[in-house]
Structure formats: C-alpha cells, structure tokens
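This report walks through one protein model, from its sheet to its cores and its charged pairs. Please keep the sequence and the structure in view while reading.

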Amino acid sequence: MLIARLIAETSTLAANLDTARARLAEQGLAVALAEPLASDEEVIELQLPAGDPATVRGVLDSCFAPADLLLADRPFTVPGLFVSDMDSTMIAAECIDELADFAGLKPQIAAITERAMQGELDFAQALTERVALLAGLDESAIAQCLAERIPLMPGAATLVATLKAQGCHTVLVTGGFHQFADPVAEQLGFERVVANRLGMHGGKLTGGLVGGITDSGVKRTVLLEEAARLGPATVSLGTGDGANDIPMLEAASFGLAYYAKPKARAAADGWIDRGDLTSVLRLLGIPRGEWVLG
C-alpha cells in the first residue's frame, strides 16, 4: 500500500481531491481512503492499494502545488534517526556565499554554488575552487558572518527539539564547514556534526581544506552507518535541498526535499514547498501538543 500525506490550500482542497482521484484513476490507480489526520485536520492522508510512487507523486504535485507532501510504502512512524543538510535547509543561507561577500567575491562564488547545487558541477571540484578564492580572508570574517548572515530556517529549532524529545538521534551533515556547522548544531541541538574544515594559518584562511571532503557519498554513508548502529529496524528521516543531498535522501526511509532544486526534489519521497520545517512534524503525524518549541 502507498500512503500519501499532504498539506495544501484548504479553499481548493475538495475540488483538487476530486481532480486527483480522476487523474489517478486514469493511471489505473484507485484511492481507497482520503481523510484528514486525527492529529491535524489540515493534513490529508490518501491510501492506495498499489501503484508506482513516482506516478502518484507526479499526479498529486500537478493537482495540489504548491504543497507539502510525503509519500511512503510503509506506515508513518516517528523516525529513530534524523540526518539533515545545513545550508538552505537548517539555515536560510549558503555559508560560503555569505563568507565570500566579505572578500568581495559573492557573485562569482554564488554562481558556482548554484551550479553545484543544481548538479551541473562536480561538488568536490566546485568546493575546492570556491575555497581557493577565499585565500587570505581574515578569520574574524567567520564570526561576523555567523552573527550577521546565518539565520536559522523557520521551524528548524522546533523540528530538532521535538524529534529529540521523541527519542530520535540527530545528525547535521553538510558540504559546508565546521566553523559554521558546529555553532549551528549547538544552537539547534544536533548531537553529531559531519562537515568540511577550512584551513587557517596566522589568523587567515589558507584557501584550502583540512581533511577529507564531505560530499554526497559521505552524506549517504553517514546516514546508513548511523542507522545500522541504531539497529536494523531504525526508521530514518533525511532532509536536504541540493543535488549533493540526493544519495542521502534516497537512502533514508523518508527523504524530504526542502524548497529544493529540481533534481533533489525529484529524487525525494516528498517535499516541503509551502510551509516551514514544522511541516515535517505535521506530515509525520506528531500532534502539536507534543511539539517542543525552539
């Protein structure tokens, strides 16, 4: 059975549901159930006895966009593991782009970042090229950037705190840098951080990295290793927005793309296109009375 949950515009919900049923029927897919969740009447759950997940997501997307959606072939349960990207997912910025602004290089570096996130450039090569451009930047720019340019994404603190209160292990894994990820993780309450590290010497950036590169393969490996450590029955949740998040999103029990680039969105089990990060809690069916406000 396929189970879809969605949060969409309420004023057109009934008409759009009728349209979705008809379009699914044209594909030979019957909707056995369509009703609000007991925990949140604005979340609609649809159950289909069978079907191709990509086809169902495509039909629902065409009928309800913009919407928040999650499709699963298993019952919805609170995950035991949450692994998330950082830039443009947990924070409302791309750290390297904002740091580049202090060096007067934001347009050049942001253009490379965008192409990498779209999956048009090799991530590792794009990362090393951008970091090299920052050589000589004063280390104090990192602290200033953190204070002035790195806001948390709406709902991020509540999402992490609530999942932790439900017994979920939380990991922040990013192609960004420990110099940003560590304070963000501390602020949000993530229990582990996996990231790259900017090279420093004499109070300035060297233009290089220290240690290996955290890329898409590392993100996937972190999720799989943490899930194995927690036990074979562990349900995992992954969130991200860019092409380098795709393997992680595909490996997760529930992979959710957050206001994502097209390739990441297409690879995920669902997406947040309408609400903030608390929509993840709503789609999972965690009642508001159990949320821990961050």
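A residue is called buried when its relative accessible area is under 20%, exposed when that area is over 50%, and partly exposed in between. Asp61, with a relative accessible area of 22%, is therefore partly exposed, whereas Arg265, at 18% relative accessibility, counts as buried. The model discussed here is a predicted one, and these two residues will return below as partners.

The open sheet is formed by 10 strands, which follow the order 2-3-1-4-12-11-10-5-6-7 with mixed pairing. At its edges lie strand 2 (33–36) and strand 7 (192–196), each of which pairs on one side only. From one strand to the next, the twist averages 20°.

Strand 1 (residues 2–7) and strand 3 (residues 44–48) run antiparallel and are joined by 5 bridges. Within this pairing, Ile3 has Gln47 of strand 3 as its bridge partner. As a general point for reading such strands, the side chains in a regular strand alternate between the two faces of the sheet.

Helix 9 (residues 216–230) lies across strand 5 (81–84), strand 6 (169–177), strand 7 and strand 10 (236–240), and the helix runs at about 165° to strand 6.

## A hairpin

Strand 8 (residues 198–201) and strand 9 (residues 204–209) run antiparallel and are joined by 3 bridges. They form a hairpin with 2 residues between the strands, and in the turn Gly202 has a positive phi of about 60°. His201 stands opposite Lys204, which belongs to strand 9.

## Two nonpolar cores

Which residues of the largest nonpolar core touch the most other members? Of the 61 residues in this core, they are Phe82, Met90, Leu99, Leu163 and Phe180. Helix 8 (residues 178–188) gives the most to this core, with 5 residues. When neighbours within four places in sequence are left aside, Phe180 is in contact with Met86, Cys95, Leu99, Ile142, Cys145, Leu146 and Ile150.

A second, separate core consists of 29 residues, including Leu24, Val56, Ala243 and Ala268. Leu24 lies in helix 1 (residues 13–26), and at 0% relative accessibility it counts as buried. Its contacts, again leaving aside neighbours within four places in sequence, are Leu29, Val31, Leu48, Val56 and Val59. Leu24 and Leu48 are 24 residues apart along the chain, and their C-alpha atoms are separated by 9.7 Å.

## Charged pairs

Side chains of opposite charge can pair when their charged atoms come close.

| Salt bridge | Closest N and O atoms |
|---|---|
| Asp61 and Arg265 | 2.9 Å |
| Arg115 and Glu120 | 3.4 Å |
| Lys219 and Asp245 | 2.6 Å |

Asp61 and Arg265 form a salt bridge. This pair links distant parts of the chain, since Asp61 is in helix 2 (residues 53–64) and Arg265 is in helix 11 (residues 262–267), 204 residues apart. In the pair formed by Arg115 and Glu120, Arg115 is partly exposed, with a relative accessible area of 42%.

Elsewhere, salt bridges that share partners join Glu98, Asp101, Lys106 and Arg149 into one network.

Not counting residues up to four places away in sequence, Lys219 touches Asp85, Val173, Thr174, Gly175, Asn244, Asp245 and Met248. With one of these residues, Asp245, the side chain of Lys219 also makes a polar contact through the partner's side chain, at 2.6 Å.

Key. Residues numbered from 1 in each chain as written. Predicted model: local features only at pLDDT ≥ 70, side-chain atom pairs only at ≥ 80, totals over all residues. Heavy atoms only, no water. Pairing = 2+ DSSP bridges. Helix = DSSP H or I, 4+ residues; strand = E, 2+ residues; numbered from the N terminus. Core = buried A, V, L, I, M, F, W, Y, C linked by side-chain atoms within 4.5 Å. Buried < 20%, exposed > 50% of the residue type's maximum accessible area, 1.4 Å probe, protein only. Contact = heavy atoms within 4.5 Å. Axes fitted to C-alpha atoms, helices over the stretch in contact; angles between N-to-C directions. Salt bridge = Lys/Arg side-chain N within 4 Å of Asp/Glu carboxyl O. Polar contact = N/O pair within 3.5 Å; in protein donor to acceptor, adjacent residues only side chain to side chain.
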